[in-house]
Amino acid sequence: MTTHSNDLAATEVTGSSSARVPGWTSSFVAFLLDGAGPGDRLSWGARLDAVRAQADAAQLVIERDGASVVAWIRLRTAGGAAYRTTEHFLLGHEGTSLDDAALALLNELHRELVRRESTLPEPLLEAMRQSAAGAQADLPMPIEWLAVRAGVKPAARQVPSGAAVGDELVAAAERQGLHAIAVDAAAYLADFSTGDAAGCQTIVYVGATPEAARTACDAERAMIAACDRGEPVTFALNAALGRALGYPECCIAAFGPRCDLPNAALRFEALEQTGASAFALLNDVDPRRSLISHFVCRYDCGASLRYARGVLDAVAAVDVTRAEALSQSLHGVVAVFREGGSLQLGETHAAGDDRYVYRSSVMHENLGGYAHWRDVLADADEVRLAPGVLTPFRNGQPLAPLPFDEARVQIRAFVGAA
Ligand SMILES: [Zn+2]
């Protein structure tokens, strides 16, 4: 089961550009691996299969005796759920579950992180501080709270990582004149949510009034009670929570019969339902930049567009430059993979004949059998979209086409609405 909300939605707004040149991550990787590269044996015994310094995360593929894990390391200040935390970092993995051998690899990586943390070089610490400041300094509160304060929606729901964070969030919301309730729901989050919220313990409801926060809290309390009794969560219970959070009726109705699907499949089916192009403001493949926190019925849903515009206006009311940058970052060509993962070609412009020139490519999660797309598209600068085939170009010259199964991959340009 999934809950109605994207669990990590919109807890912060990060930098505007999905830069190919990372700040802290490349020097961190060099420090952590002592200069080891793919194929090398690491000091703690595992073998490094691949390493990638992304804009806000280091990604490592490590392997031993046939067991393999795709691990990511982010700054703890970035927030969000993680498998383990350290003083400075969040450590997580791709895929929804790992076997014991893969978990052992991840635990060893965690130990190594902790062991090295005390010797992080000062220039690296400074780069990490700057990255954290850049991610957090611009807005006074999460964008969903801005939306609540602006009356775009009655209440917001968040699932922070870590046990103590709930109380801190409640205090932060109250400093902003909002009303918040934190509920411990570790067993429910572990059983009921898929993916991102695993390992989280607390749900925080934030409303413009005490009643609005209480209505959202009570709606989910009824869902938690049903789970505790071993009963299914009915459509009516799900819909009540969706309404308490201000989600559009069409999206609530679409979610009901699909609520057992994994998050990736929900997004895939919504894109499958979408016409020739999608609304950029509904792009939710990066939860930290998403304006929406519900699963849309389609990525050209008019009601969701009005909602997203309201959220963006609430951001613009406190930081017009940030709102514009955020909006721009949501434009681009997006591929969503039914089994999980997505990629976005950013800073695009249409070049006619369904061709799009782009300047950045960002992948979210593991693309499974389509993993090679990441490297092909990182080396290209233009694509042509056609049914069942994506053709990359470099300097105007076509490269080998990337065929795909439309039952597993959906691709649209996410553009501004007319
Ligand atoms: Zn809708």
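A residue is called buried here if 20 or more other C-beta atoms lie within 10 Å of its own, with C-beta atoms placed from the backbone. By that rule, and in what is a predicted model, the buried residues of helix H8 are Leu237, Asn238, Ala240, Leu241, Gly242 and Ala244. The cover over these buried residues of H8 includes strand S6 (155–158), helix H7 and helix H9 (249–255).

**Helices H7 and H8**

Two packed helices are described by the angle between their axes and the distance between the axes. Helix H7, which spans residues 210–228, packs against helix H8, residues 235–244, at an angle of about 160°, and their axes are 8 Å apart. That angle makes H7 roughly antiparallel to H8, and H7 passes H8 in a left-handed crossing. On the side of H7 the contact is made by Thr215, Ala216, Ala219, Glu220, Ala222, Met223 and Ala226, while H8 contributes Leu237, Ala240, Leu241 and Ala244. Sorted by class, the residues in this contact of H7 with H8 are nine nonpolar, one polar and one charged.

**After helix H8**

H8 is followed by Gly246, a residue whose phi is positive, near 80°. Tyr247 lies in the loop between H8 and H9, and Tyr247 is buried, with 24 other C-beta atoms within 10 Å. In sequence Tyr247 and Val296 are 49 residues apart, whereas in space they are 9.0 Å apart, taken from C-alpha to C-alpha.

Strands of a sheet pair through backbone hydrogen bonds, either parallel or antiparallel. In this model five strands form an open sheet in the order S1-S2-S3-S5-S4, and the pairing is antiparallel. Strand S1 (47–53) and strand S4 stand at the edges, each with a single partner strand, so one side of each is left without a neighbour in the sheet.

| Strand pair | Sense | Bridges |
|---|---|---|
| S2 (residues 57–64) and S3 | antiparallel | eight bridges |
| S3 (residues 67–75) and S5 | antiparallel | five bridges |
| S4 (residues 84–85) and S5 | antiparallel | two bridges |

Arg64 stands opposite Ala67 in S3, and Ile73 stands opposite Leu91 in S5. For Thr85, the bridge partner in S5 is Leu90, and S4 and S5 form a hairpin with three residues between them.

Helix H1, made of residues 24–33, lies across S1 and S2 and runs at about 160° to S1. Helix H2, made of residues 100–117, packs on the sheet and touches S2, S3, S4 and S5, its direction making about 35° with that of S3.

Conventions. Residues numbered from 1 in each chain as written. Predicted model: local features only at pLDDT ≥ 70, side-chain atom pairs only at ≥ 80, totals over all residues. Axes fitted to C-alpha atoms, helices over the stretch in contact; angles between N-to-C directions. Helix = DSSP H or I, 4+ residues; strand = E, 2+ residues; numbered from the N terminus. Parallel < 35°, antiparallel > 145°, perpendicular 65-115°, else oblique. Left-handed = near helix turned anticlockwise from the far one by under 90°. Contact = placed C-beta atoms within 7 Å. Nonpolar A, V, L, I, M, F, W, Y, C, P; charged D, E, K, R; others polar. Pairing = 2+ DSSP bridges. Buried ≥ 20, exposed ≤ 12 C-beta atoms within 10 Å, placed from the backbone.
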